[in-house]
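Please read the following note alongside the sequence and the 3D view.

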Amino acid sequence: MSAKFHYIHHACFTVEAGGKTFLFDPFLDGNPEGIQAKDIKADYIFVSHGHGDHLGSAYEIAKANDATIISTAELCYQAEAEGCKAHAMHLGGTCMFPFGKVRVAMAFHGSGIPGGHACGFVVDLYGTKIYFAGDTALYSDMQLLPKLDPFTYAILPIGGNFTMDPNDAAIAADFLKAKYVIPIHYNTWPVIAQDVNAYKAKVEETTSSKVIIVNPSETIELE
């Protein structure tokens with residue numbers, strides 16, 4: 001079943017599949033389309049951690065759409081206290097949802113919430129299989145993820161300073177062995193400015209993956 005990937009900006013994107021909309025890290029401030037929380041329809045919202053540029057408008061959108069937030073337990077408990085529906089998970093946890101399997105992957109980064117952990121997600125969205133790394137440093141156990149739950153797309157931060165830079169993210173691409181890599185979390189601010197075309201060239205020279213550059217506001221078809 002095909003799916004549509006729409007990149008809003010930064011680490012925020014949607015995937016439409018199986019008649020449902022899946023929203024990831026809904027930070028909307030400064031997005032080039034001027035999308036606001038009231039404009040977004042979502043059925044499920046994945047939140048990698050509680051920093052403002054990732055949690056963003058998750059609670060407002062969840063309540064407006066009766067959407068379910070999927071995240072780590074601490075963040076989900078906070079979401080429920082704010083009146084949202086939430087499904088709490090944690091690092092290494094897996095669960096079957098109506099759309100497919102979710103695995104919560106490690107992310108080496110701050111949690112943005114007391115007692116919490118940052119995370120990534122390996123998700124099967126009606127047959128479209130994605131690894132969303134969230135904000136993370138490079139770590140060697142990334143090599144385990146495709147062995148546990150194979151995926152076609154790896155969505156990786158490349159901005160540096162707060163996360164992997166292009167060199168580290170190229171090594172991550174080699175570890176992950178995804179057919180396609182989609183770089184995100186770069187050029188939002190000067191401190192994470194990067195040359196995405198140079199990243200594409202490096203990954204495609206040194207790994208078997210193909211890099212798909214998706215500009216903010218663009219939509220592509222996924223396998």
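The points below treat the helix and then the sheet.

1. The model is predicted: local features need pLDDT of at least 70, side-chain atom pairs count only at pLDDT 80 or more, and totals for chains, interfaces and linings use all residues. Residues are numbered from 1 along each chain as its sequence is written, and side-chain values use heavy atoms, with hydrogens and water left out.

2. Helix α3 spans residues 73–81, and its buried residues are Ala73, Leu75, Cys76 and Ala79. Buried means under 20% relative accessible area, exposed over 50%, and partly exposed in between (1.4 Å probe, protein chains only). Helices (H or I, at least four residues) and strands (E, at least two) are DSSP runs, numbered from the N terminus.

3. Why do the buried residues of α3 line one face of the helix? Seen down the axis of α3, they fall within an arc of 160°, so they line one face; the arc is that of the directions from the helix axis to the C-beta atoms. The face turned away from the buried side carries the exposed residues Tyr77 and Ala81.

4. The cover over the buried residues of α3 includes α1 (52–55), α2 (58–65), β5 (68–72) and β6 (85–89), where contact means heavy atoms within 4.5 Å. After α3 comes Gly83, with a positive phi near 95°.

5. An open sheet of 7 strands has the order β7-β8-β9-β10-β11-β12-β13, with mixed pairing. Its edge strands, β7 (94–97) and β13 (210–211), each pair on one side only; two strands pair if DSSP finds at least two bridges between them.

6. Strands β8 (residues 100–106) and β9 (residues 119–125) run antiparallel and are joined by 5 bridges. Val102 has Val123 in β9 as its bridge partner.
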